[in-house]
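My entries follow in the order in which I looked things up.

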Amino acid sequence: MCVAWLAGCGGGSSKPPVDATDADPGPQWWQPKVGEAKNWDIQLNAPIDVSAPRVMYDLDLWALVPSPATLDYGDGDPVIVPAGKLAGTIAQLHARTPSTIVICHVDTGILDLTLPDARKFPGYNANPTMIPDQTAPAAGSVIGWHVGLSMRRWLDIREASRTRLVPIIFKRFDLAKQIGCDGVEPDFNLAAEFSSFTGFAPTAFDSYSWYAEIAKQGHDRMLSTGMKNGHSLLGQPDMEADKFDWLMVERCAEDSSLNCDNARPFINLQKAVLAIDYDHDFDNMPQSPDLMCGREKQAMIADGIVKDAELTSKVRTQCVP
């Protein structure tokens with residue numbers, strides 16, 4: 001019998017029929033749709049309590065390292081990362097039924113000089129007073145001016161100088177994959193919005209391309225990758241929504257300007273917007289969770305929560321759309 005798609009059968013197609021089981025299942029990582037992630041929490045500082053059943057927990061990468069790990073940069077000088085304060089937590093959360101998604105918080109736009117890998121960044125010095133601040137960074141350095149504290153510094157995310165940064169910063173994504181994180185929450189990528197305070201003067205174009213690089217690096221490692229706070233730079237969500245799996249925004253409902261609306265490109269693509277508003281404003285004045293949740297609802301955000309500014313386990317109000 002002649003099977004039509006086999007070579008040599010006259011008049012038949014040269015390709016086999018498509019079997020539904022062979023269809024491309026799409027990305028094999030967490031891609032929450034609007035409303036699917038509302039039972040989530042973020043805890044980056046003590047006290048931390050992950051006993052409550054959640055769809056997702058967002059926790060600090062370095063705290064989650066289960067046992068000493070090695071970051072190999074191919075230069076004969078690896079970095080040994082010690083076990084973190086939350087060692088074993090990823091396994092604990094994954095063992096639940098259903099398994100809890102673990103998103104790992106990673107700084108990709110600033111450098112904490114106290115972290116194990118800090119010495120790998122060009123321009124590093126253990127003494128922060130030896131790193132230029134408010135004056136031009138040293139030639140070849142990727143470390144800029146302070147971000148609130150002298151030990152936290154802006155990184156040089158400009159496209160023209162990115163080759164010095166990329167091989168180092170994304171070793172953190174390798175670590176996330178190695179220890180079992182389901183995804184990453186890359187933070188502090190707002191250098192273009194604070195351009196004159198960074199030491200490097202990155203442009204909006206640098207910001208757009210840096211976010212795109214972050215999304216690519218995360219997905220290359222099959223990690224669910226969120227965009228963090230890019231909603232406040234004009235046009236950013238429109239250009240990036242198709243590249244990321246979800247958006248995380250802070251303080252968008254804090255006042256009546258309602259810049260939560262800037263998250264609409266993600267919502268239009270049915271991608272979850274994980275909104276965080278705080279129970280106190282920048283002046284430490286109490287804020288009404290009901291008011292902020294109402295503003296999020298007005299902006300069609302279905303996955304918002306209200307937290308304490310320290311991002312601990314002490315405060316969590318889930319906004320119900």
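**Salt bridges and spaces**

I note here that the model is a predicted one. The side chain of Arg264 meets that of Asp261 in a salt bridge, at 3.0 Å from N to O. Asp261 is likewise partly exposed, with a relative accessible area of 34%.

I then turned to Arg158 and Asp156, whose side chains form a salt bridge at 2.8 Å, N to O. Asp156 is buried, with a relative accessible area of 1%, whereas Arg158 is partly exposed at 28%.

My next pair was Asp187 and Lys228, joined by a salt bridge at 3.2 Å, N to O. This pair links distant parts of the chain, 41 residues apart: Asp187 lies in strand E9 and Lys228 in strand E10. I found both Asp187 and Lys228 to be buried.

I also recorded a network of salt bridges that links Asp75, Asp77, Arg119 and Lys120. The count of salt bridges came to 17.

Finally, I searched the whole structure for cavities of 30 Å³ or more and found one. Among the residues that line the largest cavity are Cys293, Glu296, Lys297 and Cys319. This lining divides into six nonpolar, one polar and two charged residues.

Terms used
Residues numbered from 1 in each chain as written. Predicted model: local features only at pLDDT ≥ 70, side-chain atom pairs only at ≥ 80, totals over all residues. Heavy atoms only, no water. 1 Å grid on protein atoms, 1.4 Å probe; cavity = no way out; pocket = protein on both sides within 12 Å on 5 of 7 lines; lining within 4 Å. Points joined across faces, edges and corners; volume = space filled by probe spheres on them. Nonpolar A, V, L, I, M, F, W, Y, C, P; charged D, E, K, R; others polar. Salt bridge = Lys/Arg side-chain N within 4 Å of Asp/Glu carboxyl O. Buried < 20%, exposed > 50% of the residue type's maximum accessible area, 1.4 Å probe, protein only. Helix = DSSP H or I, 4+ residues; strand = E, 2+ residues; numbered from the N terminus.
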